[in-house]
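Please consult the sequence and the model alongside the points below.

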Amino acid sequence: HTCFVCKKRSRLVRCVRCPVAYHATDLCMAAGCVVLSNNSIICPNHFAPRRGVKNHEHVNVSWCFVCTEGGSLLCCESCPAAFHRECLNIEMPKGSWYCNDCKAGKKPRFKDILWVKVGRYRWWPAEVSHPKTIPENIQRMRHDVGEFPVHFFGSNDYLWTYQARVFPYMDVDANSKEKMGKGVDATYKKALEEAAVRFRELQAEKELRQLQEDRKNDRKPPPYKHIKVREKSCGKVQIFTADLSEIPRCNCKATDESPCGMDSECINRMLLYECHPQVCPAGERCLNQAFTKRQYSQVEIFRTLSRGWGLRCVHDIKKGQFVSEYVGEVIDEEECRSRIRHAQENDICNFYMLTLDKDRIIDAGPKGNEARFMNHCCQPNCETQKWTVSGDTRVGLFALVDVAAGTELTFNYNLECLGNGKTVCKCGAPNCSGFLGVRPKNNPPPSDDKGRKLKRRGHGRRKKKVVVTKEREDECFSCGDGGQMVSCKRPGCPKVYHADCLNLTKRPAGRWECPWHQCDICGKDAASFCEMCPSSYCSQHREGLLFISKLDGKLCCSEHDPCGPDPLEPGEIREYTPQSRSLTSDSTISCQKQKESDRPGFTKADTKAVS
């Protein structure tokens, strides 16, 4: 009594063999239906493949729809879809198995863009055509219930095919340049370009149609209670509030141009702490109180084409700007499991839960603010940051890039998928992983029609291996520990330090260079460097202060006593004050015999100094 696609009533055409009904329009009716009369059809579920017809043989892809890798695959019995059992996190089923789309009864419809398999040819993009719009000679070709005509891009060819030999063309395919690389023939490249253009045209038509329908029906987002600040729900969850004496105080002043602002050197902002008006020296002029004052960017809720409701900005947003706090009910893990169980029992598929810490979760489902409508994207323009506000952790959304007015705001959910299935990602980003919870593709390798890597035949020159070096070290070069670091801005220098190790009272601003590049005595550009600590000296002051270690041939300062019986490790310091001394004549001879290339970081100038 309702349309199988849009779930609405009104005038329907019904299958005479099963309880399936559609609206008699191209938007709802499945491709492959045979029309018997004005209100009677035979739906594609009753397709019966003929023996001996190659185009009626069921075919599955040779790669996983989730990770795009090959191997042992679980194949759908109704369409070409294939998955790794591990990617779906399910046990190996017994007997026939069908994917979620086929279980839901999804069928190709007119004007859909599909990947079609013909014989031994590669998967080719094509558009589902209406039988009335195709040439007469194609109409006269023999075809059965469930078969529909497709028009191949890049050619004038048509074919009658059915569901088991096609799968949907996605946003990722339209934005991907993997199949457009070298070695692709001109016809196939033309087909890919035409398919991408046509896909975007149809997407624009759907968006316009959806917008008109929403205005006509005055559709509104699903009901929820709007709250301005987070609320404590039932359970053993706690909301913490720190004493004023425990709140950190920054070094900003009220006379600064923008105290505690985005471009300032506010230590609280750098450590993701929000200033308190009664503690911050800037007082009311402090610009680091966005959570407390709710200084959100102006946004609006709108209806997207295929991802439900979304959120977009009304004005331009700069990179790093605070967009909104993620507000909702704060619940514990036990309450979270109870709500998920209730949702599964009542077929609720939308969740708004975000982890706050190991014991608390923010649920913006029943109560929240506009941030709950922000969709996922594999290449987002916003990110979540956990800030400490008045002693407790709160989650805010900040812009990753400059966002123009009218742009949809998104962030990466970093979803951990549980249960027997993954949610299809419809973000359409160039690096889209295809499913929520799967890591986005950074630089996907070129692939052929089966998604496998091509091995180049023939003998050619071997490419030199590229040595990947760290852009920044992980530990402090002075003490060897991790933590909050300040990094050297000199090109090619990967060293980082603790501010305390360098006796810095605040984080250095501008183009700061670490002390490894200046002489410890006069401050001029250093010519020789200790390989184990930030000590360095110019050509005038290095004599007698740098030594060659007998352990590894590296240049070391007297602080590490490389020639003594008990050499120190990097970062270690003697309790006594070491005396400056030069190398003996024996060690000088051994240095001269050693090749310069075997001594990393040691130059000819250094050799002269040691000699």
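1. Strand E13 (residues 231-232) and strand E17 run parallel and are joined by two bridges. Two strands pair if DSSP finds at least two bridges between them; strands (E, at least two residues) are DSSP runs, numbered from the N terminus. Lysine 232 stands opposite valine 330 in E17.

2. The model is predicted, so local features need pLDDT of at least 70 and side-chain atom pairs count only at pLDDT 80 or more, while totals for chains, interfaces and linings use all residues. Residues are numbered from 1 along each chain as its sequence is written, and side-chain values use heavy atoms, with hydrogens and water left out.

3. E17 is also joined to strand E19 (residues 360-368), by five bridges, and these two run antiparallel. Here glutamate 329 has aspartate 363 in E19 as its bridge partner. Strand E17 spans residues 328-332, and five of its five residues are buried (under 20% relative accessible area, 1.4 Å probe, protein chains only).

4. Histidine 376 lies in strand E20 (residues 375-376) and is buried, its relative accessible area being 8%. Its side chain reaches the backbone nitrogen of tyrosine 413 at 3.0 Å. Beyond neighbours within four places in sequence, the contacts of histidine 376 (heavy atoms within 4.5 Å) include Arg307, Phe411, Cys425, Cys427 and Leu436.

5. Serine 433 is placed in the loop between strand E23 (410-411) and strand E24 (486-487). Serine 433 is buried, at 5% relative accessibility. Its C-alpha atom is separated by 7.1 Å from that of cysteine 378, 55 residues apart along the chain.

Definitions and conventions: Helices (H or I, at least four residues) and strands (E, at least two) are DSSP runs, numbered from the N terminus. Buried means under 20% relative accessible area, exposed over 50%, partly exposed in between (1.4 Å probe, protein chains only). A polar contact is a pair of N or O atoms within 3.5 Å; within protein, one must be able to donate a hydrogen and the other to accept it, and residues adjacent in sequence count only if both atoms are side-chain atoms.
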